[in-house]
Amino acid sequence: MIELDPKIPTGPLKTKWQHFKEHAKLVNPANKRKFRIIVVGSGLAGASAAATLADQGYNVDCFCFQDSPRRAHSIAAQGGINAAKNYRNDGDSGWRLFYDTLKGGDFRAREANVHRLAEVSRNIIDQCVAQGVPFAREYGGQLANRSFGGAQVSRTFYARGQTGQQLLLGAYASLSHQIKSGRVTMHTHSEMLDLVVVDGHAKGIIVRNLLTGELTRHAADTVMLATGGYSNVYYLSTNARGCNTTAIWRAYKRGALFANPCYTQIHPTCIPVAGDFQSKLTLMSESLRNDGRVWVPKKKGDQRAPQDIPEEERDYYLERKYPAYGNLAPRDISSRSAKEVCDEGRGVGPGGLGVYLDFKDAIARLGKKEVEGRYGNLFEMYENITGENAYERPMRIFPALHYTMGGLWVDYHLMSNLPGLYVLGEANFSDHGANRLGASALMQGLADGYFIVPYTLGEYLSTQFGNKVTTDSPEFEEAEAAVRGRMNRLLEVRGTVSSEKFHRELGTLLWEKCGMARSRESLQEALTEIPKIRARFWNEVGVPGTGASFNQALEAAGRVADFFELGELLCRDALTREESCGGHFRVEYQLPDGEALRNDELFQCVHAWQYQGEGKEPTLIKEPLNYEFIHPATRNYKH
Amino acid sequence: MNFHLRIWRQDHEKVEGFFEEIEALDIPAEASFLEMLDMVNNRLIEKQKVPVAFESDCREGICGTCSMVINGIPQGPGRSAACQVYMRSFCDGETITVEPFRAASFPIIKDLVTNRKAYDRIIQAGGFITEHTGGAPDASATLISKREADHAMDAAACIGCGACAAACPNSSAMLFVGAKVTHLVHLPQGQPERKERALNMVRAMDAEGFGNCSNYYACEAVCPANISASVIATLNREYVAASAAAAV
């Protein structure tokens with residue numbers, strides 16, 4: 001069995017990263033030109049890594065399945081990005097951001113990684129401003145901040161409700177500059193379908209050109225996956241339609257460990273599901289909880305219009321249960337509380353699957369104009385989708401899948417157990433533990449790409465002189481044949497059911513059995529059901545057209561096939577983790593008041609899964625989490 | 001609801017396209033336009049027919065992947081992207097015409113999918129600020145007034161979808177180019193490369209075959225990101241000033 005070495009530097013927490021940087025191996029400028037790096041994905045993590053490494057002199061090949069690197073799903077992030085700048089003088093510090101993030105993750109992340117993240121958070125804001133990211137400003141010209149869930153300070157920087165867009169366009173601009181300079185070769189409409197491992201090292205990928213169907217081989221000195229999360233395994237999520245697990249899943253099947261797949265984040269403020277035709281869920285930024293108040297009627301099945309329900313008959317349940325944080329309680333807690341009140345029959349809207357997010361008091365306090373200034377675009381979006389005016393009646397919101405904390409296992413260098421394979425951004429498991437705080441995803445994606453991997457990469461590359469591989473090796477041959485075989489299998493089913501229907505079926509099952517609350521029984525049921533649906537998929541799926549052409553049905557079917565396999569691992573992991581922590585809530589393990597009951601003695605560890613082959617159970621490998629500098633307390637957002 | 005669709009089908013750039021008539025029956029009013037197309041495609045797959053190719057991704061109106069013309073309007077009715085069009089805004093029984101963006105610089109890939117890489121190449125020509133990662137001064141070292149930051153943000157909101165060029169009778173990309181130039185003109189960080197940026201981006205735009213602005217304002221009318229046509233005035237001013245400076 002593999003021994004997992006997280007490679008955490010020794011020494012005091014506050015100087016680990018500094019010490020690492022000062023002693024890390026370097027690659028001199030003349031040698032950088034000799035190395036080729038593959039970056040898969042062009043979101044915040046991928047674009048920032050590709051641009052930075054190319055600027056340093058490396059040759060970079062960057063791949064994305066979209067028509068342009070600017071389309072990556074990072075673009076849809078609304079709320080903001082955290083940084084411990086303490087511009088507000090409200091008591092923030094790197095330590096506090098570190099501690100809030102670790103606590104928000106329910107003490108299931110690595111201390112050293114999270115501390116480093118908090119440290120570099122400040123550089124990210126500087127970097128983005130230098131790139132021309134138009135962050136919101138005060139009248140005096142200083143950067144504006146807002147507060148976000150799980151924090152008691154205002155440390156979130158934002159650009160209206162489009163922070164992700166502006167940060168991504170900043171990274172995209174830098175990437176574009178490097179493409180122009182010739183150091184980055186950009187491959188759009190290119191989907192990675194396999195990882196090529198040569199002598200135990202990740203040295204290349206197999207890519208399908210989505211426009212022509214052509215399969216191509218790409219060799220490099222190192223491969224970086226920045227391919228995002230797998231929320232779409234649940235079919236309905238806030239993720240873009242194209243978000244998928246294929247790149248990391250194929251890497252898993254080539255030997256990379258998959259860590260904590262059951263840590264999925266369910267975001268509390270999304271627009272509720274309207275019907276079974278729905279293709280995605282739309283997030284309403286968590287920043288709305290700064291001024292909106294969450295409530296449901298006290299009475300079960302209250303059918304009155306919200307404005308007819310008097311104040312004393314409303315239950316502002318987050319303010320009641322968590323007075324210290326109120327409506328700004330962390331995401332997992334807010335989501336679970338919404339589920340509880342809906343389970344009690346107090347939900348609102350179609351099917352009773354919704355709670356109110358009310359701006360009446362905010363409008364009275366600030367005026368409609370100010371509320372419009374802060375959230376105008378979100379209110380507009382809400383009205384466009386639901387046909388309801390949120391200035392006049394409260395929004396209806398309900399939790400939805402939003403982010404996956406789990407991902408490929410990486411060490412402190414962001415390298416997987418497969419040497420040469422780096423995993424960045426949401427695709428790795430490293431920094432958010434069992435729950436991610438708002439405005440931390442953008443921070444992590446950019447930290448990984450701009451400031452971490454450019455420093456850690458030298459440690460690996462400096463050992464790789466003379467280890468060039470070529471695409472005519474048997475490993476490439478075999479990988480390409482495997483991809484072709486899999487594609488042909490899908491095309492040869494010639495069924496009459498779209499892969500979307502199977503995907504929806506899988507998603508509904510996972511949402512019910514492995515969603516906001518999980519039990520041994522529900523997980524066992526899911527583990528029995530998934531293989532059955534999967535078997536039907538492989539017998540009945542319809543993929544018209546050919547593999548040698550632009551074929552969106554084939555793309556979708558390939559991704560769904562991988563989601564089936566991942567879905568099973570996700571449930572297996574949730575079943576094995578016999579505790580409740582963060583986004584993973586096992587009904588068997590709760591405190592008398594319904595709060596999550598962690599089991600630090602048995603589960604203060606990372607669960608990393610190793611693929612053992614088709615039809616075989618994966619092996620569980622544990623990495624203990626040692627907290628040297630902080631004491632993992634029970635999370636308390638009440639006082 | 002029921003709809004009669006006239007959808008553009010074209011296998012690839014080299015063959016001629018045509019309108020195919022498809023009935024979209026039993027569509028819920030709450031469905032989005034793209035969800036309606038999903039339903040149509042699933043039914044085509046059930047009959048083992050090739051589904052209609054169209055691109056979409058975030059389905060929140062921000063990624064800019066959507067690129068179709070609905071009833072003659074790029075990105076469809078309403079002030080957002082095609083993914084934000086809902087079936088309740090159509091009449092029951094209505095005939096709806098769906099076609100790809102029409103602009104020579106956006107060649108058709110298949111059905112409703114067009115190649116918009118020309119926009120990426122224009123950004124590569126100068127739509128960036130040259131900087132190295134790390135070593136940036138503290139973010140608050142340079143003050144930027146709220147007014148300037150807001151102007152920059154208004155222009156930076158462009159989603160790069162291409163509707164502006166698709167709507168323009170001249171296939172002009174000047175709203176797109178103007179938006180990027182205006183975004184960076186309003187920021188102190190954008191000043192050092194201001195002149196080269198305007199010149200290089202306009203040259204790249206011309207090289208891609210996009211036409212010039214002749215004040216139709218069709219771009220502004222269809223822009224899902226509400227970019228004001230005043231960015232074109234800014235672009236013209238920047239270009240003229242940069243050309244004059246270059247001539248000296």
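Predicted model: local features only at pLDDT ≥ 70, side-chain atom pairs only at ≥ 80, totals over all residues.
**Entry: chain A as a whole**

I began with the overall build of chain A. I counted 17 helices and 19 strands in chain A. I then looked up its extent. Along its principal axes, the C-alpha trace of chain A spans about 75 × 60 × 50 Å.

How much of chain A is buried? I found that buried residues make up 59% of its 639 residues. I also looked at how far apart in sequence the contacts reach. Of the contacts in chain A with a separation of 6 or more, 73% are between residues 24 or more positions apart.

**Entry: the domains of chain A**

I looked up the domain division next. Chain A has domain 1 at 267-401 and domain 2 at 483-619. Their C-alpha centres lie 30 Å apart. The contact between them takes 6 residues from domain 1 of chain A and 6 residues from domain 2 of chain A.

Which helix supplies the largest share of the domain 1 side? I noted helix α9 (residues 331-343) of chain A, with 5 residues. The side touching domain 2 of chain A has 4 charged residues, 1 polar and 1 nonpolar.

**Entry: a three-stranded sheet in chain A**

I traced an open sheet of 3 strands in chain A, in the order β6-β7-β8, with antiparallel pairing. Its edge strands are β6 (190-198) and β8 (215-219) of chain A, each pairing on one side only. I looked up the twist too. From one strand to the next, the twist averages 25 degrees.

I then followed one pairing. β6(A) and β7(A), residues 201-209, run antiparallel and share 8 bridges. In this pairing I marked A:V198, which stands opposite A:H201 in β7(A).

**Entry: a four-stranded sheet in chain A**

I turned to another open sheet of chain A. It has 4 strands in the order β16-β10-β18-β19, and the pairing is antiparallel. β16 (407-408) and β19 (619-624) of chain A are the edge strands, each with pairing on one side only.

Strand β10 (residues 258-259) and strand β18 (residues 605-610) of chain A run antiparallel and are joined by 2 bridges. I noted A:F258 here, which stands opposite A:W609 in β18(A).

Which helix packs on this sheet? I found helix α16 (residues 552-576) of chain A, touching β10, β18 and β19 of chain A. The direction of α16(A) makes about 145 degrees with that of β18(A).

I kept one general point in mind. Most residues other than glycine have a negative phi. I therefore wrote down two residues of chain A with positive values.

A:N89 has a phi near 55 degrees, a positive value in a residue other than glycine. It sits in the loop between β3 (81-82) and α4 (94-104) of chain A. Is A:N89 buried or exposed? I found 7 other C-beta atoms within 10 Å, so A:N89 is exposed. The cut-off for exposed is 12 or fewer.

A:Y235 is not a glycine, yet it has a positive phi of about 60 degrees. A:Y235 lies in the loop between β9 (222-225) and α7 (246-253) of chain A. I counted its surroundings too. A:Y235 is buried because 24 other C-beta atoms lie within 10 Å, and the cut-off for buried is 20 or more.

**Entry: the domains of chain B**

I moved on to chain B. Domain 1 of chain B covers 3-110, and domain 2 covers 117-247. The centres of these two domains, taken over C-alpha atoms, are separated by 29 Å. I looked up their contact as well. It involves 19 residues of domain 1 of chain B and 16 residues of domain 2 of chain B. On the domain 1 side of this contact I listed 11 nonpolar, 6 polar and 2 charged residues.

**Entry: where chain B meets chain A**

Last, I looked up the contact between the chains. 64 residues of chain B are in contact with 66 residues of chain A. Which elements of chain B each supply at least two residues? I listed α1 (33-46), β6 (108-110), α2 (117-126), α3 (146-156) and α5 (174-185) of chain B. α1(B) gives the most, with 7 residues. By class, the side of chain B that touches chain A has 28 nonpolar, 19 polar and 17 charged residues.

How values were computed:
Residues numbered from 1 in each chain as written. Chains lettered and ligands numbered in written order. Contact = placed C-beta atoms within 7 Å. Nonpolar A, V, L, I, M, F, W, Y, C, P; charged D, E, K, R; others polar. Domains from an automatic or database assignment. Pairing = 2+ DSSP bridges. Axes fitted to C-alpha atoms, helices over the stretch in contact; angles between N-to-C directions.
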